Amino acid sequence: MIPHAKVKVLFHQDNALCHKSMKTMIKFDEIRFKLIPHPPYYADLAPSDCWLFADMKKMLQRKKFGSNEEVIVETEAYFESKDKSFYIKGIEKLEER
């Protein structure tokens with residue numbers, strides 16, 4: 001078991017009000033969580049994310065998973081099933097935007 005003093009907890013802080021409240025911030029400091037701020041929004045990345053993940057969302061729709069491992073296997077299979085032209089067409093579509 002790792003001694004308590006060596007355990008480091010990283011907390012990905014987003015913009016949820018409960019994550020930014022003064023009480024929460026004081027508690028994080030008290031229990032020595034290291035805060036990882038929410039990354040800034042980059043508009044130039046959003047179109048590629050929307051294109052890629054919208055298609056994957058359709059594939060995952062209405063599927064039920066019993067574990068994280070099942071989700072990982074299904075996601076990896078999704079990306080492996082796509083041929084090179086899928087990605088090329090997606091990049092070409094970005095030029096139109």
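1. Lys-27 has a relative accessibility of 43% and therefore counts as partly exposed; the classes are buried for under 20% relative accessible area, exposed for over 50%, and partly exposed in between, with a 1.4 Å probe and protein chains only. The partner of Lys-27 is Glu-30, and their side chains form a salt bridge with 3.0 Å from N to O. A salt bridge here is a side-chain nitrogen of Lys or Arg within 4 Å of a carboxyl oxygen of Asp or Glu. Glu-30, at 53% relative accessibility, counts as exposed. Both residues belong to helix H2 (residues 22–30), and because they are three residues apart, about one helical turn separates them.

2. A word on the basis of these values is in order. The model is predicted: local features need pLDDT of at least 70 and side-chain atom pairs count only at pLDDT 80 or more, while totals for chains, interfaces and linings use all residues. Residues are numbered from 1 along each chain as its sequence is written, and side-chain values use heavy atoms, with hydrogens and water left out.

3. The overall architecture comprises five helices and two strands, arranged along the sequence in the pattern β-α-α-β-α-α-α. Helices (H or I, at least four residues) and strands (E, at least two) are DSSP runs, numbered from the N terminus. The protein has 97 residues, of which 12% count as buried. Its accessible surface is about 8,700 Å², and carbon and sulfur atoms account for 60% of that surface; the areas come from the Shrake-Rupley method with a 1.4 Å probe, and for residues only the protein chains shown count as cover.

4. For an individual residue, consider Thr-24, which lies in helix H2. Thr-24 counts as buried, with 18% relative accessibility. When neighbours within four places in sequence are set aside, Thr-24 is in contact with Cys-18 and His-19.

5. The whole structure holds three salt bridges. Side chains of opposite charge can pair when their charged atoms come close. What does the salt bridge between Asp-55 and Lys-82 tie together? The closest N and O atoms of Asp-55 and Lys-82 are 3.1 Å apart. Asp-55 lies in helix H3 (residues 46–60) and Lys-82 in the loop between helix H4 (68–81) and helix H5 (84–96), so the pair ties together parts that are 27 residues apart in sequence. Asp-55 is partly exposed at 24%, and Lys-82 is partly exposed at 25%.

6. Another salt bridge joins the side chains of Lys-63 and Glu-74, at 2.6 Å from N to O. Lys-63 is in the loop between H3 and H4, whereas Glu-74 is in helix H4, so this pair ties together parts 11 residues apart in sequence. Lys-63 counts as partly exposed at 37% relative accessibility, as does Glu-74 at 24%.

7. The count of aromatic pairs is three. Rings of Phe, Tyr and Trp (its six-membered ring) pair if their centres lie within 6.5 Å; planes under 30 degrees apart count as stacked, over 60 as edge-to-face and the rest as tilted. Among them is the edge-to-face pair of Tyr-78 and Phe-79, with 5.0 Å centre to centre and 75° between the planes. Tyr-78 is buried at 4% relative accessibility, while Phe-79 is partly exposed at 28%.

Terms used: Contact means heavy atoms within 4.5 Å.
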